[in-house]
Amino acid sequence: MIAVVDFGSQYSQLICRRIRELQVPAELVSWQTADTFLDIREVRGVVLSGGPASVYVDGAPSLPASVLARGVPVLGICYGMQLLMQALGGRVEPATTREFGQASVRHTGESALFRDIETESSVWMSHGDRVEALPDGCRSIAASQGSPHAAVAAADGRIFGLQFHPEVSHTVRGMDILGNFVYGICGCDTTWTTEELADACIRDIRTRVPADGHVLLALSGGVDSSVAAALVHRAVGERLTCIFVNNGLLRMGEADQVLRDLREWNPRLRIEPVDAVEDFLEDLAGVADPERKRTRIGHRFVRIFEREAARLAGAWGTEVPRFLVQGTIYPDVIESASGSGEAHAQTIKTHHNVGGLPSDLDFELIEPLRMLFKDEVRRLGAGLGLPASLLERHPFPGPGLAVRMPGEVTWERLETLRRADAIFLEELRRANLYTATDQAFAVLLPVQSVGVMGDGRTLQNVVALRAVSTSDFMTAEWTRLPWDLVAQVSTRIVNEVPGVNRVVLDVSTKPPATIEWE
């Protein structure tokens with residue numbers, strides 16, 4: 001396997017994902033625990049991630065001693081490269097010209113890292129520091145306009161560094177560079193498959209849950225929680241109980257649809273529906289700050305699971321279930337980083353099932369999908385036999401419509417948003433474009449717009465339409481929907497949803513925007 005040492009980059013797990021796409025096992029480990037990890041695991045190579053710090057600043061993440069002591073090939077990326085060069089005696093300083101975005105890199109043709117790659121290619125840069133002086137025994141093997149040492153290699157053929165990011169899709173030959181490192185330099189074989197991943201997840205769950213242990217699962221009916229349910233059911237069978245909470249923040253008709261689809265897929269899956277609409281609305285009354293919304297929703301979910309665990313234990317005559325399964329995936333972890341203990345990463349927004357959990361949580365969490373991206377989860381679900389009706393559903397955030405209406409959450413605003421959102425999705429399906437987008441939804445804005453209806457002045461709500469295309473939900477492009485479709489959706493919303501007189505289209509990419517509005 002390849003060990004990926006994380007220094008707080010937003011793209012650390014993306015490196016793992018790219019290596020797994022090469023069908024080679026890869027695992028992420030924090031720089032703070034890497035020494036212990038590398039001492040006990042069989043690794044063929046180590047990749048050092050990027051990170052937001054500067055290597056010359058006091059308190060910056062340091063290079064674990066085992067990285068060089070193991071004697072396996074090492075590839076440093078961005079911060080990881082600078083850290084390697086500094087540790088070997090080189091010098092890193094603030095760059096006179098920073099590089100953010102596309103850049104052209106020309107390599108010397110002397111290194112196995114660039115085998116069968118054209119001399120000049122386009123890469124993705126994102127750095128304000130650069131290596132100014134190489135350590136003894138290292139040479140530059142590629143350069144860009146802003147980085148004379150855009151790639152470096154040690155004379156022993158074991159240590160390499162890249163100032164650019166090969167893991168992002170904007171680096172045109174990034175996968176080939178990673179492949180040269182993983183296959184040619186580290187000598188790895190293609191052993192990583194979806195079947196192996198499923199078996200590993202099931203083994204891990206069985207190891208953690210005792211033979212008489214009962215497990216609760218937070219079931220939303222989305223792709224992530226449904227795949228998690230399939231895995232855990234394979235692992236513990238009838239000792240799994242799924243709790244489906246109707247929090248009042250769901251899309252139109254969603255509660256009935258979710259229960260129907262899941263029961264049709266697996267009649268043996270035990271599902272307990274819970275109506276908690278009033279609880280959530282009471283918690284959210286008067287709350288407009290998005291982080292407070294997410295935290296309150298996360299706390300309420302846990303309190304409900306605790307209550308249900310006690311009730312079920314009384315009904316079964318067993319001890320209270322102490323395991324709680326969540327369908328957390330890696331983009332959730334990345335955006336919630338600081339709130340979830342990910343060292344030196346920055347919080348984008350707290351996901352209710354990561355950073356929004358209460359400190360007095362009584363459950364032991366099981367998150368079998370925590371290190372996977374959405375497309376990996378879908379492939380895993382297909383291998384487990386989940387139907388397309390579940391796997392092709394657009395992602396829906398755990399806090400639901402509460403984070404699709406900036407401002408206070410009220411029942412009236414929820415009903416307005418539900419109707420607008422239902423029209424948008426209905427028209428997408430009618431045009432056979434639902435699966436052509438990866439996520440699409442309406443947003444109710446906290447502003448009112450002057451309009452005219454029936455020759456009279458109106459002051460009513462504004463709805464935004466958001467549709468994106470993405471493979472991993474780390475980056476996203478806005479989907480270029482046909483204008484006739486957009487016009488039809490706008491007309492229907494204004495005509496059919498009371499209190500709305502204006503519809504706008506969100507054409508933001510991620511980054512700089514996130515996919516959800518809150």
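Two strands are said to pair if DSSP finds at least two bridges between them, and the strands themselves (E, at least two residues), like the helices (H or I, at least four), are DSSP runs numbered from the N terminus. The model described here is a predicted one, in which local features need pLDDT of at least 70 and side-chain atom pairs count only at pLDDT 80 or more, while totals for chains, interfaces and linings use all residues. Residues are numbered from 1 along each chain as its sequence is written, and side-chain values use heavy atoms, with hydrogens and water left out.

One place to begin is the open sheet of five strands, whose order is β12-β11-β10-β13-β14 and whose pairing is parallel. Because β12 (271–275) and β14 (364–366) stand at the edges with a single partner strand each, one side of each is left without a neighbour in the sheet. The twist from one strand to the next averages 30°, where axes are lines fitted to C-alpha atoms, for helices over the stretch in contact, and angles run from 0 to 180 degrees between N-to-C directions. Within this sheet, β13 (residues 323–325) pairs with β14 in the parallel sense over three bridges, and Val-325 stands opposite Ile-366 of β14.

A further open sheet is made of nine strands in the order β2-β1-β3-β4-β9-β8-β7-β5-β6, and its pairing is mixed. Its edge strands are β2 (26–30) and β6 (120–133), each of which pairs on one side only. At the β2 end, β1 (residues 2–6) and β2 are joined in the parallel sense over five bridges, with Ala-3 opposite Glu-27 in β2. Helix α1 (residues 12–21) lies across β1, β2, β3 (45–48) and β4 (74–77), and runs at about 160° to β2.

Further along the order comes β9 (residues 159–162), which is joined to β4 by four bridges, the two running parallel; Leu-75 has Phe-160 of β9 as its bridge partner. With β8 (residues 151–154), by contrast, β9 pairs in the antiparallel sense over three bridges, and here Val-152 is partnered by Gly-161. These two strands, β8 and β9, form a hairpin with four residues between them, and Gly-157 in the turn has a positive phi of about 70°. In a regular strand the side chains alternate between the two faces of the sheet. In β9 both faces are covered, since Ile-159 and Gly-161 on one side and Phe-160 and Leu-162 on the other are all buried, buried meaning under 20% relative accessible area, with exposed over 50% and partly exposed in between (1.4 Å probe, protein chains only).

Leaving aside residues up to four places away in sequence, Asp-224 touches Gly-327, Ile-329, Leu-369, Lys-374 and Val-377, a contact being heavy atoms within 4.5 Å.
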